Amino acid sequence: MAKTPAPRDDVARFLADVRASKPPAQKGAEPSRILFALDATASRAPTWDLAMNLHAELFEAAARTPAGGDSGDVAVQLVYYRGYDEFHVSPWSASSGDLLRRMTGVVCRGGLTQIQRLLDHALNESRRVRVKAAILVGDACEEPHAALTAAAGKLALFKLPFFVFQEGTDPRVARVFRDIARITGGAHAPFAPGSAETLRTLFGAVARYAAHGRSGLQGIEHRLAREMLAQLPR
């Protein structure tokens with residue numbers, strides 16, 4: 001015996017319920033990972049404090065789509081070097097508060113830069129997980145140019161762009177930082193010491209790029225952000 005067809009009103013009600021229901025959240029979705037590296041040698045104490053005050057921009061900006069909506073999660077790994085061969089790496093974290101706790105109380109100590117070690121670490125992380133972008137904030141480089149560009153070349157194979165923010169205007173440092181950024185497909189941007197608003201814009205721009213690609217930078221009306229966009233490969 002044939003089944004009685006459902007009344008038209010019941011079908012319409014069912015379709016309305018389907019349209020109104022939200023799709024289930026995707027489980028296991030990859031976050032947008034940003035490696036956040038800071039030079040913590042002695043001269044960097046003021047900039048460390050500044051970065052600590054602005055670190056939340058990495059999480060907040062990535063959660064905003066270019067149209068002003070909401071997006072997926074971002075995970076940040078804090079990396080810093082200081083003193084005699086001290087190199088610290090945090091676990092990946094999706095919590096702004098957790099990152100702040102790790103940054104609070106860190107004392108900058110004299111020592112040489114460890115950018116080569118940073119690039120090697122970034123390469124190892126890229127072999128394990130998908131890292132969307134890396135940030136380096138520093139003002140010095142005491143390592144051989146050729147070794148650093150060779151390490152940057154390996155990162156280019158994993159499509160990990162380095163955004164290198166240089167405090168100050170040292171031309172030799174600028175040349176090294178520019179080459180690291182160019183080879184990896186990232187960008188180099190100098191900023192004046194203590195420039196909180198500039199650093200906030202730069203952090204936000206990288207976070208939006210990591211989450212949304214080039215389109216994430218389109219709506220940022222800032223000269224440095226536009227210059228960063230111009231450096232990125234198409």
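Q: What makes two strands a pair, and in which sense do S1 and S4 pair?
A: Two strands pair if DSSP finds at least two bridges between them. S1 and S4 are joined by five bridges, in the parallel sense. The model is a predicted one.

Q: Which residue of S4 stands opposite phenylalanine 36?
A: Isoleucine 135 in S4 stands opposite phenylalanine 36. Isoleucine 135 also stands opposite phenylalanine 163 in S5. From S4 the chain crosses through H6 to S5, and this β-α-β crossover is right-handed.

Q: How do you know that S4 and S5 pair?
A: Count the bridges. Strand S4 (residues 133-138) and strand S5 (residues 162-167) share five bridges and run parallel. The rule asks for at least two, so S4 and S5 are a pair. Among the partners, alanine 134 is bridged to phenylalanine 162 in S5.

Q: Why are strands S3 and S6 said to stand at the edges of the sheet?
A: The sheet is open, with six strands in the order S3-S2-S1-S4-S5-S6 and mixed pairing. Strand S3 (86-89) and strand S6 (187-191) each have a single partner strand, so one side of each has no neighbour in the sheet. From one strand to the next, the twist averages 15 degrees.

Q: Why is S4 called largely enclosed?
A: Buried means under 20% relative accessible area. Six of the six residues of S4 are buried, so the rest of the structure largely encloses this strand. Both faces are covered. Ala133, Ile135 and Val137 are buried on one side, and Ala134, Leu136 and Gly138 on the other.

Q: Which helices lie on the sheet, and at what angles to S5?
A: Helix H7 (residues 171-184) lies across S4, S5 and S6, at about 165 degrees to S5. Helix H8 (residues 196-212) also packs on the sheet and touches strand S1 (32-39), S4, S5 and S6. The direction of H8 makes about 175 degrees with that of S5.

Q: What makes a group of residues a nonpolar core, and which residues touch the most other members of the largest one?
A: The members must be buried residues of the nonpolar kinds, joined through side-chain atoms within 4.5 Å. The largest such core has 42 residues, and Phe36, Phe165 and Phe203 touch the most other members. H8 gives the largest share of this core, eight residues. A second, separate core of 26 residues includes Val79, Leu118, Ala151 and Phe177. In soluble globular proteins, nonpolar side chains tend to be buried together.

Q: Which residues does phenylalanine 36 contact, leaving aside its neighbours within four places in sequence?
A: Those contacts include Ala51, His55, Leu58, Leu99, Met103, Ile135 and Phe203.

Q: Why is histidine 121 called buried?
A: The relative accessibility of histidine 121 is 14%. The cut-off is under 20%, so histidine 121 counts as buried. Histidine 121 sits in helix H5 (residues 115-128). Leaving aside neighbours within four places in sequence, histidine 121 contacts Leu35, Gln77, Val79, Phe87 and Val89.

Q: Why is glycine 153 called partly exposed?
A: Glycine 153 has a relative accessible area of 28%. That value lies between 20% and 50%, so glycine 153 is partly exposed. Glycine 153 belongs to helix H6 (residues 145-157). Glycine 153 and isoleucine 183 are 30 residues apart in sequence, and their C-alpha atoms are 6.1 Å apart in space.

Q: How many disulfides are there?
A: The count is zero. A disulfide needs a pair of cysteine sulfur atoms within 2.5 Å. Cysteine 108 is buried at 15% relative accessibility, and cysteine 141 is buried at 2%.

Q: What makes the phi of lysine 159 worth a look, and is this residue buried or exposed?
A: Most residues other than glycine have a negative phi. Lysine 159 is not a glycine, yet its phi is positive, about 55 degrees. Lysine 159 lies in the loop between H6 and S5. Its relative accessible area is 61%, over the 50% cut-off, so lysine 159 is exposed. Aspartate 85 also has a positive phi, near 65 degrees. Aspartate 85 is found in the loop between strand S2 (74-82) and S3.

Key:
Residues are numbered from 1 along each chain as its sequence is written. This is a predicted model: local features need pLDDT of at least 70, side-chain atom pairs count only at pLDDT 80 or more; totals for chains, interfaces and linings use all residues. Side-chain values use heavy atoms; hydrogens and water are left out. Helices (H or I, at least four residues) and strands (E, at least two) are DSSP runs, numbered from the N terminus. Buried means under 20% relative accessible area, exposed over 50%, partly exposed in between (1.4 Å probe, protein chains only). Contact means heavy atoms within 4.5 Å. Axes are lines fitted to C-alpha atoms, for helices over the stretch in contact, and angles run from 0 to 180 degrees between N-to-C directions. A crossover is right-handed if, with the strands pointing away from the viewer, the path from the first strand over the helix to the second runs clockwise.
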